[in-house]
Amino acid sequence: MNRTHSIFTALLCLLLVVSSTGCAPAAPPTPAPTPIPTLEGWTLTWHDEFDGEQIDRTNWTYDIGGHGWGNGEMQYYTDRPENARLENGFLVIEARQEKYGGSYYTSARLKSEGLREFQYGRLEARLKVPEGKGFWPAFWMLGSNFKQVGWPDCGEIDIMEYLGKEPDLILGTLHGPGYSGALGISKWNRQTYNIADDFHTFAIEWDKNQITWFYDGEAYHTVTREDVGSRPWVFDQPFFFIINLAVGGTLGGMVSPQTVFPAQYLVDYVRVYEKQP
């Protein structure tokens, strides 16, 4: 038997063994869910990782309607899966160009009002905002007494606002009685890149005396009781989350003809931590 025939015979035998024993290469295992990292000095007290098949209605409800509640926005907020759903471990809020409810755009605005409300701690989300002039995604909070006292007496904490017309800019703002709207205590945080290109982490650390804003782990804005002066500090009560994607409006600006629809605002998680003693 020559060498070539020997090699061929050996390979044939190996193939027969594999076939008869089912020893085909194993498929790679499904990766385990990424564990939530611990933060030194903090205890995780609530979170939504958006890993299920449907939005958790024990955590979130919807604002529904058009006109942006005084902001001049152009979308109609719905509770349809076309505008808000879970996909691949993300909450997807999708703005669509379509006629609906008297508006020419649709989107979604989720809130935890009456379901999950928080006072103090580290409140954080990992987000990917959509690109395009006219988009105005936000991650923010209102005081739980909103329906009783109205705005701005309830207080508002804008953890993140992004303007598609200024793609390198995010805003962190505090609103209250006497310092609301254009008088809100705000900080512009510019980057050297388009923020919409990737996910980023936005957070506040909030205690009875001050609120500090963070972008990708770096503090960039702090407001204290002393900063509001003689005006009321209304941040000694529970607040609820709002996550929305507005189209147009007083801050979002006009929608460019080059703005692409549908557009998606992705939320990887929302987490709340309590400061350890």
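Analyst: A salt bridge here is a side-chain nitrogen of Lys or Arg within 4 Å of a carboxyl oxygen of Asp or Glu. The model is predicted, and the structure holds 16 such salt bridges. Side chains of opposite charge can pair when their charged atoms come close.

One of the salt bridges joins the side chains of Glu49 and Arg271, with an N to O distance of 2.9 Å. Glu49 sits in the loop between strand S1 (42–48) and strand S2 (61–63), while Arg271 belongs to strand S19 (residues 263–275), so this pair ties together parts that are 222 residues apart in sequence. Glu49 and Arg271 are both buried.

Strand S2 takes part in another pair. Asp63 forms a salt bridge with Arg109, and their closest N and O atoms are 2.9 Å apart. Asp63 lies in strand S2 and Arg109 in strand S8 (residues 109–111), so the link ties together parts 46 residues apart in sequence. Both Asp63 and Arg109 are buried.

A further salt bridge connects the side chains of Arg122 and Glu124, at 2.9 Å from N to O. The cut-off for buried is under 20% relative accessible area. Glu124 has a relative accessible area of 7% and is therefore buried; Arg122, at 8% relative accessibility, also counts as buried.

Terms used:
Residues are numbered from 1 along each chain as its sequence is written. This is a predicted model: local features need pLDDT of at least 70, side-chain atom pairs count only at pLDDT 80 or more; totals for chains, interfaces and linings use all residues. Side-chain values use heavy atoms; hydrogens and water are left out. Helices (H or I, at least four residues) and strands (E, at least two) are DSSP runs, numbered from the N terminus. Buried means under 20% relative accessible area, exposed over 50%, partly exposed in between (1.4 Å probe, protein chains only).
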